[in-house]
Amino acid sequence: MPFNPSYIHLAAPPFPYFLEGDRTVYQPGDQHPNRSRMGKFDLLIVEQGCLFIGEEHKQWAVPAGHTLLLLPDRYHYSVKPCEETTSFVWLHFHTVAEWVEAEGDPVYASREEHLQKYLTYPYTIRVPQFASLPDPFERSGQAELLLQLGQGRRSSAVWQQQRIFEDMLRMLDLGQQDAGGSPGRRLPNGRKPICAIIIQSR
């Protein structure tokens, strides 16, 4: 069914930073755990099968080759168990800069407020909440490399992990720009837009 996709707009610098990640495999009948207000973003990259996940009033069926970004201040829940073997990579990350969820046109942080706080003008990273993976992302193998680095000593991997994670965000961001964008708009009085669209996709 037609729906208006949501985008997550993250102001940077400071750039979002990688926390942890791993791969999970569910068998038929298994389901994603319910969580509330995790305090960190949860980026899911489905490699095989299909995940059925909800966030507040939205629900998705996330098939292989797609990604879903769960937000840190929302309630996440399983819509129904997996119907087939389902493999996905999950990446947790956080940001200390402003972020907003909005539909349609890009939303930009206040340039002057960002400059006063971080001593530089903001760049807005625009990540779709639910989307098919851009071709460069799928071919890059970055997610697998990020997980491999997590198996070693963090002291020796932290710089590479952050670089790879930022490159993954860059591909998601540029993938949306390449698809064509609209002129941006600013948030009135610094308020976050409210999304009231029920998103379902299968």
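Which side chains meet in a salt bridge with K58? I found that K58 pairs with E101, at 2.2 Å from N to O. For a salt bridge I took a side-chain nitrogen of Lys or Arg within 4 Å of a carboxyl oxygen of Asp or Glu.

**Ground rules.** I am working with a predicted model, where local features need pLDDT of at least 70, side-chain atom pairs count only at pLDDT 80 or more, and totals for chains, interfaces and linings use all residues. Residues are numbered from 1 along each chain as its sequence is written, and side-chain values use heavy atoms, with hydrogens and water left out.

**Entry 1, around E101.** I looked up where the partners sit: K58 is in strand β6 (residues 58-63) and E101 in strand β10 (residues 99-103), so their bridge ties together parts 43 residues apart in sequence. Strands (E, at least two residues) and helices (H or I, at least four) are DSSP runs, numbered from the N terminus. K58 and E101 are both buried; buried means under 20% relative accessible area, exposed over 50%, and partly exposed in between (1.4 Å probe, protein chains only). I read 6% for E101. E101 also bridges to R74, with the closest N and O atoms 2.9 Å apart. That pair links distant parts of the chain, as R74 lies in the loop between β7 (66-70) and β8 (75-78), 27 residues from E101. I noted a network of salt bridges linking K58, D73, R74 and E101.

My search of the whole structure gave 8 salt bridges. In one of them, E47 meets R23, the closest N and O atoms being 2.8 Å apart. E47 is in strand β4 (residues 41-48) and R23 in strand β2 (residues 17-26), so the bridge joins parts 24 residues apart in sequence. Both are partly exposed: I have 37% for E47 and 30% for R23.

I then checked S87, in strand β9 (residues 86-94). S87 is buried at 7% relative accessibility. Beyond its neighbours within four places in sequence, S87 has contacts that include R23 and E47, where contact means heavy atoms within 4.5 Å.

Which residues of helix α3 (residues 142-149) are buried? I listed Q142, A143, L146, L147 and L149. Seen down the axis of α3, they fall within an arc of 160 degrees, so they line one face of the helix; the arc is that of the directions from the helix axis to the C-beta atoms.
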